[in-house]
Amino acid sequence: MKDGLLDLLRKIEQKIGSDLLSVKKLIAKERKRPLTAAIFGQTGSGKTSLINAIFGTNFDVDDVKPCTKEPQAHRGHDSAGNPVIFWDLPGIGESVGADQAYLDLYAHYATTCDVVLWAFQADTRTITYDCTALETIISRIGAEEKEKFLSRLSVVITKADAVSNSPWIFAKNGENVTIATSKETAIALGRKAVYFYDGLFGAHQADIVRRTFITSNPDALMKLPNDFWMSNSKAFLCHKGGFDETRYAELIVANPSARDELSRIYEQSKAVCCSAKYAFNLNAVKVKLAQNSEGASMLRFGRSIQKAGSNLAWAKVKGLGLPVFFDRGTNQVIFDVEAID
Ligand SMILES: Nc1nc2c(ncn2[C@@H]2O[C@H](COP(=O)(O)OP(=O)(O)OP(=O)(O)O)[C@@H](O)[C@H]2O)c(=O)[nH]1
Ligand SMILES: [Mg+2]
């Protein structure tokens, strides 16, 4: 990872020359500070399970009743050895009284964390409750903090495995299994991603500033419309407001040399779908953490993040509770994952 970071620095150096010193200073400062993150969302939406899947923690989860009652922290390091603190919080929706206290907690973490994830579970479509909670948090943190908080907030859609417009694909390779969506399920998840993102942020989208490190020639970025601008250090490209697929497609055609920055900002303007159960898209969640954090901390995840994929041990797949097919005509099991070596 350190080499990856140096490579990236060299690339930035070639592009922006004299500004390298300011970028280096920024990175040095960022490295000393732990990256802090937290996850919000309704009870049972799978927050703790997601953290367990990403960080290998063993926090309690419950199949029936609200489980996490106090904030609990995973204190670890990213792949470059830099400190990361991830706060797993209680879920809202447990009771009116508990929610008041939990929303106070959320307001606290909203202003103190570098990045916040808001979890929706894929097999639901209700958003009013979460929207009301977001408004309460905003009213508690005040107008000044609002923009910063919203810009650091990402939406994750959990339990993607619960969406199966057509079967998920399990590719066994020795002791490992790669789990992928079928085309239809990928499309359904893509629609969910837009639905929950737009639903949660609603009119607030106009206030959201997204930013990404500049890796292309800055000259190419000068021609972008007025809702894009470069930070003073010329290290970041910033954008304020909503950024949908149509606009993204138009801008890429008009500004092909700015493709890298535009695609990173576009990715930040969408929810990411994942599944702790299938270990699906967990790397994409880490990318979200990195992209939405302030400063140069996105570099800290850098190239250590492989392309989003899903890998599970075969032994784990056997324990997923997949259906068993039984033929009543022959009185035989036709398919049982547990019977496969
Ligand atoms: N199908 C499926 N179920 C999941 C997934 N992640 C979590 N679950 C289940 O969802 C239920 C709730 O999971 P938790 O991780 O405890 O949810 P939580 O959001 O932390 O809940 P609170 O702590 O009460 O806020 C458990 O039964 C989990 O097994 C997933 O990716 N897929
Ligand atoms: Mg929990």
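Which residues of α7 are buried? The legends below take up this question and others.

**View 1. The chain as a whole.** This is a predicted model, in which local features need pLDDT of at least 70 and side-chain atom pairs count only at pLDDT 80 or more, while totals for chains, interfaces and linings use all residues. Residues are numbered from 1 along each chain as its sequence is written, and chains are lettered from A and ligands numbered from 1 in the order in which they are written. The secondary structure comes to 13 helices and 14 strands; helices (H or I, at least four residues) and strands (E, at least two) are DSSP runs, numbered from the N terminus. Of the 341 residues in the chain, 34% are buried. A residue is buried if 20 or more other C-beta atoms lie within 10 Å of its own, exposed if 12 or fewer, and partly exposed in between, with C-beta atoms placed from the backbone.

View 2. The buried residues of α7 are T185, L189, K192, A193, F196, Y197, L200 and F201. Seen down the helix axis, they fall within an arc of 130 degrees, so they line one face of α7; the arc is that of the directions from the helix axis to the C-beta atoms. The face turned away from the buried side carries the exposed residues K183 and R191. Among the elements that cover the buried residues are β4 (115-121), α5 (128-141), β5 (153-158) and β11 (272-273). After α7 comes G202, whose phi is positive, near 45 degrees.

**View 3. Helices α9 and α10.** Helix α9 (residues 245-254) packs against helix α10 (residues 259-268) at an angle of about 175 degrees, with the axes 10 Å apart. Axes are lines fitted to C-alpha atoms, for helices over the stretch in contact, and angles run from 0 to 180 degrees between N-to-C directions. The two helices are therefore roughly antiparallel, a term for angles over 145 degrees. Y248, L251 and I252 of α9 and R259, L262 and Y266 of α10 make the contact; two residues are in contact if their C-beta atoms, placed from the backbone, lie within 7 Å.

**View 4. The surroundings of W87.** W87 lies in strand β3 (residues 83-88). W87 is buried, with 21 other C-beta atoms within 10 Å. Leaving aside neighbours within four places in sequence, W87 is in contact with A37, A38, P71, A73, Y109 and C113. W87 and P71 are 16 residues apart in sequence and 6.3 Å apart in space, C-alpha to C-alpha.

Note on methods: Angles under 35 degrees count as roughly parallel, over 145 as roughly antiparallel, 65 to 115 as roughly perpendicular and the rest as oblique.
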